[in-house]
Amino acid sequence: MSIAPAGRIARPSTWFTWHEYLIRPGTRVLDFACGEGRHGLAAAARGASVVAVDRDGAALETGRELAEAHGLTIDWRVVDLEGPWPELGTFDAVLMFNYLDRARMPQVLELVAPGGVLLMETYLVTQRQLGWGPSRDDHLLAPGELARLVAPLRVMHGREVLEPVDVERWRAVASIVAEQRAREPLPER
């Protein structure tokens, strides 16, 4: 559910904003489990070529309407993230915010092109104590877990923080930017 007024794009995560310099015109971006696509919309506004996937068709329709209202082009796709995925290709940047599926992380990492990055952020187990947000263990990260989940990608920047959402609420999140190493050229014979 968007908290932005009708027609206004919800603000992307501060983690995205701090690392938006990685998104340039022509960058191929996948906004994975995008909901209404606030991160994909922000990437498209920077000139990226964006594919946004989620299982919630209504949320995607809201994102589609926002994109159209702001003159942004995004390829919106309904994908059952728990079922077999269609061929998506690889991307210069994969954005994954507030979503966690440990068993499918190897498949997510395969979506990152050589030299590309994964920007990921989701809740820590500490979130449970804050009285809102996800509460099930399968949706919450243990301290230090995110860096292990993105291996063998090279962690460029990461954090685990308690940060304000608004005047009354805080959130406990782990965030990471990790790079898929460029494939090494084969040695000459």
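These questions and answers go through a predicted model and the terms used to describe it.

User: What makes the seven strands a sheet, and in which order do they lie?
Analyst: The seven strands form an open sheet in the order S3-S2-S1-S4-S5-S7-S6. The pairing is mixed. From one strand to the next, the twist averages 15°.

User: Why are S3 and S6 called edge strands?
Analyst: Strand S3 (74-78) and S6 each pair on one side only. That is what puts them at the edges.

User: How do you know that S6 and S7 pair?
Analyst: Two strands pair if there are at least two bridges between them. Strand S6 (residues 154-164) and S7 are joined by 10 bridges, so they pair. They run antiparallel. Val155 stands opposite Ala178 in S7. A hairpin of five residues links S6 to S7.

User: What joins S7 to S5?
Analyst: Seven bridges do, and the two strands run antiparallel. Strand S5 covers residues 112-123. Leu119 stands opposite Val177, and Met120 stands opposite Ile176.

User: Why is S7 called mostly covered?
Analyst: Look at its residues. Strand S7 (residues 170-179) has 10 residues, and eight of them are buried. Buried means under 20% relative accessible area.

User: What makes the pair of Trp15 and Trp18 edge-to-face?
Analyst: Two values decide. Ring centres must lie within 6.5 Å, and planes over 60 degrees apart count as edge-to-face. Here the centres are 6.0 Å apart and the planes stand at 65°, so the pair is edge-to-face. The structure holds four aromatic pairs.

User: Where do Trp15 and Trp18 sit relative to each other in the helix?
Analyst: Both belong to helix H1 (residues 14-19). They are three residues apart, so about one helical turn separates them.

User: What makes Phe32, Trp85 and Tyr99 a cluster?
Analyst: Ring pairs link the three residues. Phe32 also touches other residues, among them Val53, Leu81, Val94 and Leu111.

User: How do you know that Arg169 lies over the face of Trp132?
Analyst: The distance is one test: CZ of Arg must be within 6 Å of the ring centre. Arg169 is at 4.2 Å from the ring centre of Trp132. There is also an angle limit, within 35 degrees of the ring normal. Arg169 is listed as lying over the face.

User: What makes up the largest nonpolar core?
Analyst: It has 31 residues. Those with the most contacts inside it are Leu30, Phe32, Val94, Met105 and Leu118. Several elements each supply at least two residues, including strand S1 (28-32), helix H4 (105-110) and helix H5 (145-149). S7 gives the most, with four residues. A second, separate core of 25 residues includes Leu41, Ala48, Ala52 and Val117. In soluble globular proteins, nonpolar side chains tend to be buried together.

User: Why is H2 called mostly covered?
Analyst: Helix H2 (residues 38-45) has eight residues, and six are buried. They are His39, Gly40, Leu41, Ala42, Ala43 and Ala44. The cover over them includes H1, S1, S2, H3, S3 and S4. Just after H2, Gly47 takes a positive phi of about 95°.

User: Which peptide bond is cis, and where is Pro152?
Analyst: The bond joining Ala151 and Pro152 is cis, with omega about 15°. Pro152 is in the loop between H5 and S6.

Conventions: Residues are numbered from 1 along each chain as its sequence is written. This is a predicted model: local features need pLDDT of at least 70, side-chain atom pairs count only at pLDDT 80 or more; totals for chains, interfaces and linings use all residues. Side-chain values use heavy atoms; hydrogens and water are left out. Buried means under 20% relative accessible area, exposed over 50%, partly exposed in between (1.4 Å probe, protein chains only). Rings of Phe, Tyr and Trp (its six-membered ring) pair if their centres lie within 6.5 Å; planes under 30 degrees apart count as stacked, over 60 as edge-to-face and the rest as tilted. A nonpolar core is a set of buried Ala, Val, Leu, Ile, Met, Phe, Trp, Tyr and Cys residues joined through side-chain atoms within 4.5 Å. Contact means heavy atoms within 4.5 Å. Axes are lines fitted to C-alpha atoms, for helices over the stretch in contact, and angles run from 0 to 180 degrees between N-to-C directions. Lists of a residue's contacts leave out its neighbours within four places in sequence.
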